[in-house]
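The structure is shown first, and the description follows.

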Amino acid sequence: ATAVKAVADRGAFDDSHHMFYVTNHDVADGNKLYQLFGDNAYALTVMEFTLPGTPLLYHGQENGYLLNNTVKFSDDQKVDWTTHDYKMENTIKQLINLKHSNPALADGNAKGIYVPLDTYSNIDAGTKSTQVVSYARRFGADWVLVVLNLSDQAANATVDGLLPGTWQKVLDSENIAFGIDTSKSQTIEQA
């Protein structure tokens, strides 16, 4: 969580604009994303789109090509657009839609404010979690809460620092690959 805050706060000037990426020519050079990050490739993609800044999609990342294919920077390798990882492709489509439809995820001069949150999980024996990360983005009355489990096991998490009220779960690991269906969204009560 501290590392995420440091990345979100980084900038040379008050009006700095960040670009975030899961991969680029240095990372992908001869590496498959699934080799590097395993199932966290999806969680890191969520982070890429929800931290303040502009997400960078690299060489077929948007259709999942880089999950199981290598790219050599020194080669003139073309993306095989017939190869799809539909979960990654749909994840990115949903995140683009969410980023453009919710003012809290806006960037530039009217950017949503990054709000660091403390997270506690059963994985970390009730102490401040190093495996489950949470943060929010806020712009006016619009909020987006992000909770990411970066461990390899299921987790129950408690998030401190939220305002009391009702939160609507829009995306999770079960529905992100298929799209947002707000009619089936869960309401989460915060005491």
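The protein chain exposes about 10800 Å², and carbon and sulfur atoms supply 51% of this area. The model is a predicted one. Of the 191 residues in the protein chain, 37% count as buried. Its secondary structure comprises six helices and nine strands. Among the contacts with a separation of 6 or more, 58% are between residues 24 or more positions apart.

Helix H6 covers residues 86–101. Its 16 residues reach 22 Å from the first C-alpha to the last, close to the 22 Å expected at 1.5 Å a residue. The buried residues of H6 include Met 88, Ile 92, Leu 95 and Leu 98, and also Glu 89 and Lys 99.

H6 also contributes at least two residues to the lining of the largest pocket, as do helix H4 (40–50) and strands S6 (142–149), S7 (157–160), S8 (165–169) and S9 (186–190). The largest share of this lining, seven residues, comes from S6. The pocket has a volume of about 1500 Å³. It is lined by 41 residues, and those nearest its centre are Val 147, Leu 148, Leu 171, Asp 172 and Ser 173. The lining divides by class as follows.

| Class of lining residue | Number in the largest pocket |
|---|---|
| Nonpolar | 23 residues |
| Polar | twelve residues |

Terms used
Residues are numbered from 1 along each chain as its sequence is written. This is a predicted model: local features need pLDDT of at least 70, side-chain atom pairs count only at pLDDT 80 or more; totals for chains, interfaces and linings use all residues. Side-chain values use heavy atoms; hydrogens and water are left out. On a 1 Å grid over the protein atoms alone, a cavity is a set of points where a 1.4 Å probe fits but cannot get out, and a pocket is an open set with protein on both sides within 12 Å along at least five of seven lines; lining residues have an atom within 4 Å of a point. Grid points are joined across faces, edges and corners, and a volume is the space filled by probe spheres set on the points. Helices (H or I, at least four residues) and strands (E, at least two) are DSSP runs, numbered from the N terminus. Ala, Val, Leu, Ile, Met, Phe, Trp, Tyr, Cys and Pro count as nonpolar, Asp, Glu, Lys and Arg as charged, and the others, Gly among them, as polar. Buried means under 20% relative accessible area, exposed over 50%, partly exposed in between (1.4 Å probe, protein chains only). Contact means heavy atoms within 4.5 Å. Accessible areas come from the Shrake-Rupley method with a 1.4 Å probe; for residues, only the protein chains shown count as cover. The expected span of a helix is 1.5 Å times one less than its number of residues.
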